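Please open the model in a viewer and keep the selection tool at hand. The tour moves from the whole chain to individual side chains.

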Amino acid sequence: MTHNNKVVIFLGPPGAGKGTQAARLAQEQSLVQLSTGDILRDHVARGTELGLKAGPLMEAGQLVPDDLLIALIRDRLADMEPVRVIFDGFPRTQAQAEALDLLLEELGAPVSAVPLLEVPDQVLIDRIVERGRQAVAEGRAPRADDNEETARKRQLVYREQTQPLIDHYARRGHLYTVDGLGTPDEVYERILSGVH
Ligand code: AP5
């Protein structure tokens, strides 16, 4: 076991800024960012077996099955030494959280911090719809799930399946809430207050 391990788990609804903040923290603290959304979108783009399964579910705003995600994370953590990682988009269900607890225990890498980004529902929808619009305006293909209808579906799925994880991590003393409103710089400063 190494003392240089660090495990940060970003929690928060779709559009809260997990990806934005995780990328900066990863760069500034030499951590590996594991964004399951980005990894899955890459599989969809390459048409892999996982991508073919995940694509329609993502487009509908639904979760991809737990066993596929757990296998993916197990692969990424294998041989990581030290374990310096930020999870962005994982875990998203109780089964994923329990599997991650076991994996981290095997690796001797306890959770260091779990920032929970809080942003009002309508602001979340506006950010996601705006990201879709921006992509079109710049001639890029928008994410298949960046429209109002799917964003609302993703919010619902978050409430039902991911929000219960707040308790999972609060019980273990790792969780702290972060106001996700304001500029990305302001939000980042708030996050840093809980990551040691
Ligand atoms: P994923 O890619 O994880 O989507 P998400 O959680 O819905 O996250 P988003 O990328 O929409 O939001 P974010 O919180 O990262 O915010 P961001 O920084 O991008 O997952 C997509 C799909 O993949 C899922 O629906 C599911 O199907 C599947 N999937 C992924 N993981 C899975 C798992 N573990 N199990 C099962 N299925 C899984 O910011 C959003 C926007 O706001 C950006 O445009 C950004 O520029 C802007 N913004 C950020 N911060 C601010 C700020 N402070 N002020 C103003 N705008 C801001």
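The stops below begin with the overall fold and then turn to charged side chains.

**Before selecting anything**

This is a predicted model, in which local features need pLDDT of at least 70 and side-chain atom pairs count only at pLDDT 80 or more, while totals for chains, interfaces and linings use all residues. Residues are numbered from 1 along each chain as its sequence is written, and side-chain values use heavy atoms, with hydrogens and water left out.

**Stop 1: the whole chain**

Followed from the N terminus, the order of elements is β-α-β-α-α-α-β-α-β-α-α-α-β-α. The radius of gyration is 16 Å, close to the 16 Å that the globule rule gives for 196 residues, so the chain is as compact as a globular protein of that length. That radius is taken over C-alpha atoms, and the rule is 2.2 Å times the number of residues to the power 0.38. Along the principal axes, the C-alpha atoms fill a box of roughly 50 × 40 × 30 Å.

**Stop 2: surface and contacts**

Switch to a surface display. The accessible surface of the protein chain comes to about 10000 Å², 50% of which belongs to carbon and sulfur atoms; the areas come from the Shrake-Rupley method with a 1.4 Å probe, and for residues only the protein chains shown count as cover. Of the 196 residues, 47% count as buried (buried: under 20% relative accessible area; exposed: over 50%; partly exposed: in between; 1.4 Å probe, protein chains only). Among contacts (heavy atoms within 4.5 Å) between residues at least 6 apart in sequence, 73% join residues at least 24 apart.

**Stop 3: charged side chains**

Now colour by charge. The chain carries 22 positive and 30 negative side chains, and the centres of the two sets lie 2 Å apart. Lys and Arg count as positive and Asp and Glu as negative, without His and the chain ends; each charge is placed at NZ of Lys, CZ of Arg, CG of Asp or CD of Glu. A salt bridge is a side-chain nitrogen of Lys or Arg within 4 Å of a carboxyl oxygen of Asp or Glu, and the count comes to 15.

**Stop 4**

Select R24 and E28, whose side chains meet in a salt bridge at 3.2 Å, N to O. The two residues are 4 apart in helix α1 (residues 18-28), about one helical turn. E28 is partly exposed at 49% relative accessibility, and R24 is partly exposed at 27%.

Next select E130 and R133, a salt bridge of 3.3 Å, N to O. They lie 3 residues apart in helix α6 (residues 121-137), again about one helical turn. R133 counts as exposed at 54%, whereas E130 is partly exposed at 37%.

Then select R140 and E138, whose closest N and O atoms are 2.6 Å apart in a salt bridge.

**Stop 5: a network around D145**

Which residues are linked with D145 in a network of salt bridges? Select R131, R143, D146 and R154 together with D145 to display it. D145 is found in the loop between α6 and α7 (148-162). With a relative accessible area of 9%, D145 is buried. Leaving aside residues up to four places away in sequence, D145 touches M58, I128, T150, A151 and R154.
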